[in-house]
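This note sets out, point by point, how the chain is put together. Please read it alongside the sequence and the structure shown here.

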Amino acid sequence: MDLVHCIYCSASSGADLTPAELQSLLDECRRKNAVAGLTGMLLYQNRSFFQVLEGDRNVVEALYERISKDKRHKRVTKIILEPITDHAFADWTMGCPKLSSSQLAKIPGLNDFFARGKSYLELGEGRAKTLLQAFAQEGRWRTSIS
């Protein structure tokens with residue numbers, strides 16, 4: 001298996017998701033990802049998404065293509081697609097930390113970014129990797145994942 005992770009961001013094409021709508025989306029992702037052998041994490045804040053997908057390259061790339069065509073998303077932007085040696089989210093078909101902008105601003109290396117009210121859509125590769133490391137297996141913010 002050619003193990004990769006794909007990190008991307010997008011904006012919701014509709015109104016801000018309610019907690020119930022976000023939970024429904026997570027339930028759907030978790031079911032489908034379990035069947036496909038995918039793991040990952042999803043952050044949602046102010047109508048923008050940050051997602052990490054981990055798994056077999058062909059499966060990850062096919063899912064990213066479906067997401068990029070999904071009318072519920074706009075401005076879908078692939079930040080990183082690269083080989084990895086291990087899953088950072090092996091225990092999660094789709095983890096989802098529930099954090100506010102002020103909590104995100106407390107993550108070292110990102111505090112200036114989120115304190116200025118920036119969204120996931122403005123993340124570059126360096127900050128995306130910082131965010132990934134904050135929530136990965138040994139990350140300090142791992143405990144906030146539900």
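1. Helices (H or I, at least four residues) and strands (E, at least two) are DSSP runs, numbered from the N terminus. On that basis the chain has five helices and four strands, and their order from the N terminus is β-α-β-β-α-β-α-α-α.

2. Some conventions apply throughout. The model is predicted, with local features requiring pLDDT of at least 70, side-chain atom pairs counted only at pLDDT 80 or more, and totals for chains, interfaces and linings using all residues. Residues are numbered from 1 along each chain as its sequence is written, and side-chain values use heavy atoms, with hydrogens and water left out.

3. A residue is called buried under 20% relative accessible area, exposed over 50%, and partly exposed in between (1.4 Å probe, protein chains only). Of the 146 residues of the chain, 45% are buried. A contact means heavy atoms within 4.5 Å. Among contacts with a separation of 6 or more, 76% join residues 24 or more positions apart.

4. After H1 comes Gly37, with a positive phi near 75°.

5. Which residues of H1 are buried? They are Leu22, Leu25, Leu26, Cys29 and Asn33. Viewed down the axis of H1, these buried residues fall within an arc of 100°, so they line one face of the helix; the arc is that of the directions from the helix axis to the C-beta atoms. An α-helix has 3.6 residues a turn, so residues three or four places apart point the same way. The other side of H1 carries the exposed residues Ala20, Arg31, Lys32 and Val35. The cover over the buried residues of H1 includes strand S2 (39–45), strand S3 (48–56) and helix H2 (57–69).

6. Asn33, a polar residue to check individually, belongs to helix H1. Asn33 is buried, with a relative accessible area of 5%. Leaving out residues up to four places away in sequence, Asn33 touches Leu38, Leu63, Thr93 and Met94.

7. Helix H2 can be described in the same terms. Its 13 residues should span 18 Å at 1.5 Å a residue, and its end C-alpha atoms are 19 Å apart, which agrees. Val60, Leu63, Tyr64 and Ile67 are the buried residues of H2. Their arc around the axis is only 105°, which puts them on the same side of H2. These buried residues pack against S1, H1, S3 and S4, while the face turned away from them carries the exposed residues Asn58, Arg66 and Lys69.

8. A nonpolar core is a set of buried Ala, Val, Leu, Ile, Met, Phe, Trp, Tyr and Cys residues joined through side-chain atoms within 4.5 Å. The largest such core has 22 residues, and those with the most contacts inside it are Ile7, Phe50, Tyr120, Leu131 and Phe135. Elements giving two or more residues to this core are S1, S2, S3, strand S4 (73–83) and helix H5 (125–135). H5 supplies the largest share, five residues. A second, separate core of 18 residues includes Tyr8, Phe49, Leu53 and Leu63. In soluble globular proteins, nonpolar side chains tend to be buried together.

9. Beyond its neighbours within four places in sequence, Phe50 is in contact with Ile7, Tyr8, Cys9, Met41, Leu42, Leu43, Tyr120, Leu123, Ala128 and Leu131.

10. Is His5 buried or exposed? His5, in strand S1 (residues 3–12), is buried, with a relative accessible area of 6%. Not counting residues up to four places away in sequence, His5 touches Val52, Leu53, Glu54, Ile80, Leu81, Glu82, Ile84 and Leu132.

11. With a disulfide taken as a pair of cysteine sulfur atoms within 2.5 Å, the count is zero. Cys6 is buried at a relative accessible area of 1%, and Cys9 is buried at 0%. Arg75 is not a glycine, yet its phi is positive, about 50°. Arg75 lies in strand S4 and is exposed, with a relative accessible area of 54%.

Conventions: The expected span of a helix is 1.5 Å times one less than its number of residues.
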